[in-house]
Amino acid sequence: MMKIKYINLQKQSQKEEKNLIKIFKLVINSGQFVGGKFIEKFEKKICKLTNSKNCISLNSGTDALVLALYAAGVKRGDEVITTPNSFIASTSVIVHLGAKPVFVDVLDDQNIDPDKIEEKITNKTKVIMPVHLTGRVCKMDKIKNIALKYNLKIIEDAAQAIGSKYKGVHAGNFGDFGCFSAHPLKNLNAIGDSGYLIANSLKVSNYIKDLRNHGMSNRNKVKNFGFVSRMDNIQAAILNFRLEGLNTLIKKRRNNFKIYENYLDRKYIYFPLETKDEFNTYHTFVIQVDQRDKLRSFLKQKGIETAIHYPIPIHLQPAAKKLGYKKGDFPVCEKQSKKILTLPINQYLRKKEIIHITNLINNFYK
């Protein structure tokens, strides 16, 4: 039986072991563990990759969202428009600041429906937070026009979208902030929690740099009461190394998608195709199918690992009861949550393995 992993971090570690050991020694011998040249190099590399003016390295994508919201002035009683089909962090950061997440339903591609945003705007709305799910950038031209019309900030949850573009513009550059994760499962991944944020305003970027380090401008001067949200030097050094292979990794994932596209029977399996405006990086590859749970069980029996992103929409989570939402409020998202299945698309897959997966799925329905 051909066993296929959903993601293969072990393979990545094995291939990179010699380089990782060199990196560990380099950082340890430098005596720099917090801040310094590795961090500065990483931030410059991200600015170049994303074509942005400022990058702030942080300890997680979640903290990137927290500090972006904080810098945008979001406070208790404000409202932030976002989607209910994201990872829980994009909602929890809003709640922790005392603001209210205002959910908007999604399109067939799982990203926020721009045509449903305007009706949710009130005099309490402060920010629109689109989530670029699966490595596909939202329709940001429409969202940007709405934000300009109502004088709202845009904070892009681009946790899954490093390298992704919409109409030639890199994710994170459409609004005021772009927030990224370097969690081990991301395309650009550290060996622990890490994240970063891009912004074009130097003033705001310097403010966030202060906030991430206890609010200290220097060892003895504190301008603001801050947080501890710094990226470790060991993570920065590893990310600097892995940035060198990011384009190759993205190319492999895009090629893997093409194999799926060519072999999956679209009579039974739905997945959005890439449009001429998009450059998708396929952090995940999500199909939408009937009998999802039976198919997943069948694939598991055949040695194929899969995942679901995400089986319970945020507005239906126990933690969200106080937000006042109910089943049926977001029908597209809720329908998708019963049909979505994430297939392996990692860069270590071989063509014959993907074809094997597609044959199993096609035969399941036929």
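Residues are numbered from 1 along each chain as its sequence is written, and side-chain values use heavy atoms, with hydrogens and water left out. Because the model is predicted, local features need pLDDT of at least 70 and side-chain atom pairs count only at pLDDT 80 or more, while totals for chains, interfaces and linings use all residues.

**Two packed helices**

Two packed helices are described by the angle between their axes and the distance between the axes. Helix α8 (residues 246-263) and helix α11 (residues 351-365) have axes that come within 10 Å and cross at roughly 35 degrees. Helices (H or I, at least four residues) and strands (E, at least two) are DSSP runs, numbered from the N terminus. The axes are lines fitted to C-alpha atoms, for helices over the stretch in contact, and angles run from 0 to 180 degrees between N-to-C directions. The crossing of α8 and α11 is right-handed; in such a crossing the near helix is turned clockwise from the far one by less than a right angle, and in a left-handed one anticlockwise.

On the α8 side, Asn-256, Ile-259, Tyr-260 and Tyr-263 meet Lys-351, Ile-354, Ile-355, Ile-357, Thr-358 and Asn-362 of α11. Contact means heavy atoms within 4.5 Å. The residues of this contact divide into six nonpolar, three polar and one charged. Here Ala, Val, Leu, Ile, Met, Phe, Trp, Tyr, Cys and Pro count as nonpolar, Asp, Glu, Lys and Arg as charged, and the others, Gly among them, as polar.

Leu-264 lies in the loop between α8 and β12 (278-279). Leu-264 counts as buried because its relative accessibility is 5%; buried means under 20% relative accessible area, exposed over 50%, and partly exposed in between (1.4 Å probe, protein chains only). Not counting residues up to four places away in sequence, Leu-264 touches Ile-269, Phe-271, Phe-285, Ile-287, Thr-358, Ile-361 and Asn-362.

Phe-298 is part of helix α9 (residues 292-301). With residues up to four places away in sequence left out, Phe-298 touches Leu-360 and Phe-364. Two C-alpha separations are known for these residues: 24 Å between Phe-298 and His-283, which are 15 residues apart along the chain, and 15 Å between Leu-264 and Leu-299, which are 35 residues apart.

**The largest pocket**

Rolling a probe the size of a water molecule over the atoms shows where empty space is left. The largest pocket holds about 490 Å³ of space. On a 1 Å grid over the protein atoms alone, a cavity is a set of points where a 1.4 Å probe fits but cannot get out, and a pocket is an open set with protein on both sides within 12 Å along at least five of seven lines; lining residues have an atom within 4 Å of a point. Grid points are joined across faces, edges and corners, and a volume is the space filled by probe spheres set on the points.

The largest pocket is lined by 31 residues, and Phe-87, Ser-181, His-183, Lys-186 and Tyr-310 lie nearest its centre. The lining divides into 13 nonpolar, 14 polar and four charged residues. At least two lining residues come from each of α3 (61-71), α4 (89-96) and β14 (340-343), and the largest share, three residues, comes from α3. Tyr-310 sits in the loop between α9 and α10 (331-337), and the peptide bond from His-309 to Tyr-310 is cis, with omega near 10 degrees.

In helix α6 (residues 202-212), the buried residues are Ser-205, Ile-208, Asp-210, Leu-211 and Arg-212. These pack against α2 (37-50), β1 (54-58), α3, β8 (177-181), β9 (195-199) and β10 (216-218).

| Residue | Phi |
|---|---|
| His-214 | near 65 degrees |
| Asn-51 | about 60 degrees |
| Gln-110 | near 80 degrees |

His-214 follows α6. Asn-51 is in the loop between α2 and β1 and counts as exposed because its relative accessibility is 69%. Gln-110 is in the loop between β3 (100-103) and β4 (125-128) and is buried, with a relative accessible area of 5%. Beyond four places in sequence, the residues that Gln-110 touches include Asn-85, Leu-133, His-309 and Ile-340.

**A buried arginine**

Arg-242 belongs to helix α7 (residues 233-243). Arg-242 counts as buried, at 7% relative accessibility. Its contacts, leaving aside neighbours within four places in sequence, include Gln-12, Glu-16, Leu-188 and Asn-189.
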